[in-house]
Amino acid sequence: MIDVKNKEDVPRRRGRPPAFDRDEVLAKATETFWRLGYEGASIAELTAAMGITPQSLYAAFTSKADLHREALAWYQAHIGASATRAFEDRDVVTALAGVLRESAHEFTRPDRPHGCMISTAVLTCAVENEPVARHVSSLRNTTLDLLKARIERGIAEGQLKQATDAAALARFVGAMIQGMSVQAQDGASKVALSAMADLAVAEIERHRV
């Protein structure tokens with residue numbers, strides 16, 4: 001592994017550096033981090049998947065941690081887009097149900113790693129990787145805040161009972177998504193996760209006016 005702090009040790013190439021499509025290599029880096037985890041994905045495995053040299057990786061992304069941060073943003077913009085669309089439904093119960101059912105589908109697709117890259121990423125790590133873990137945790141907390149705000153809006157619009165505990169219901173939905181991610185990684189099928197989602201939706205429905 002090349003130490004980014006010692007760039008002077010890296011042999012300098014003459015002429016223009018090789019060009020690559022940033023979005024394309026980010027997609028490949030995302031898949032590698034998703035499949036192997038942050039600590040499990042080595043620079044050698046990342047560069048092999050991305051089709052670039054270690055020098056190009058550091059020149060374009062600065063560090064493995066910064067590459068991981070960009071990969072998470074790529075994941076949210078591309079893989080998470082379908083759940084985001086479901087979340088925008090005007091009816092809060094339909095929106096939450098859409099997120100859960102879309103998760104059951106996305107977490108078990110045969111053409112990519114199972115589970116959610118963010119929901120269960122970097123839960124434990126070496127001390128030197130704690131900033132990476134804190135960043136991923138902040139993304140999960142942002143999702144909880146969005147769920148809570150959407151539920152509070154549903155209460156304000158008269159779709160959910162006034163007595164609904166928005167924070168607790170948001171954490172319930174978040175916990176279901178994380179649990180579905182873990183079970184998908186352990187081999188649970190779309191049918192099995194969809195059945196879990198249906199039970200969660202039934203619980204949400206109890207709060208409907």
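**α8 and α9**

I began with the pair α8 and α9, which pack at an angle of about 175° with their axes 11 Å apart. I took axes as lines fitted to C-alpha atoms, for helices over the stretch in contact, with angles running from 0 to 180 degrees between N-to-C directions. That makes α8 roughly antiparallel to α9 (angles under 35 degrees count as roughly parallel, over 145 as roughly antiparallel, 65 to 115 as roughly perpendicular and the rest as oblique). From α8, Leu169, Phe172, Val173, Met176, Met180, Gln183 and Ala184 meet Leu193, Met196, Ala197, Ala200, Glu203 and Ile204 of α9; contact means heavy atoms within 4.5 Å. I sorted the residues of this contact by class and got 11 nonpolar, one polar and one charged. Here Ala, Val, Leu, Ile, Met, Phe, Trp, Tyr, Cys and Pro count as nonpolar, Asp, Glu, Lys and Arg as charged, and the others, Gly among them, as polar.

**Basis of the model**

The model is predicted: local features need pLDDT of at least 70 and side-chain atom pairs count only at pLDDT 80 or more, while totals for chains, interfaces and linings use all residues. Residues are numbered from 1 along each chain as its sequence is written, and side-chain values use heavy atoms, with hydrogens and water left out.

**Whole chain**

I noted nine helices and zero strands in the chain; helices (H or I, at least four residues) and strands (E, at least two) are DSSP runs, numbered from the N terminus. Taken along the principal axes, the C-alpha atoms fill a box of roughly 70 × 30 × 30 Å. Of the 209 residues, 43% count as buried (under 20% relative accessible area, with exposed over 50% and partly exposed in between; 1.4 Å probe, protein chains only). Among contacts between residues at least 6 apart in sequence, 69% join residues at least 24 apart.

**Core**

I then looked up the largest nonpolar core, which has 57 residues. Such a core is a set of buried Ala, Val, Leu, Ile, Met, Phe, Trp, Tyr and Cys residues joined through side-chain atoms within 4.5 Å. Phe33, Leu46, Met50, Leu57, Leu67, Leu100 and Ile151 have the most contacts inside the core. Among the helices that each supply at least two of its residues are α1 (22-36), α4 (64-78), α7 (130-156) and α8 (166-185). I followed Leu67: leaving aside neighbours within four places in sequence, Leu67 is in contact with Leu26, Ala29, Phe33, Leu46, Met50, Leu57 and Phe61.

**α2 and α3**

I found α2 and α3 packed at an angle of about 90°, with axes 9 Å apart, and they are therefore roughly perpendicular to each other. Ile43, Leu46, Thr47 and Met50 of α2 make the contact with Pro54, Leu57, Tyr58 and Phe61 of α3. The classes are seven nonpolar, one polar and no charged residues.

**Positive phi**

I checked two residues other than glycine with positive phi: Thr62 has a value near 75°, and Val122 one near 45°. Most residues other than glycine have a negative phi. Thr62 sits in the loop between α3 and α4 and is partly exposed, at 41% relative accessible area. Val122 sits in the loop between α6 and α7 and counts as buried, at 12% relative accessibility.

**Leu139**

Last, I looked up Leu139, in helix α7. Leu139 counts as buried at 13% relative accessibility. Not counting residues up to four places away in sequence, Leu139 touches Leu72, Gln76 and Ile118. Leu139 and Ala73 are 66 residues apart in sequence and 9.8 Å apart in space, C-alpha to C-alpha.
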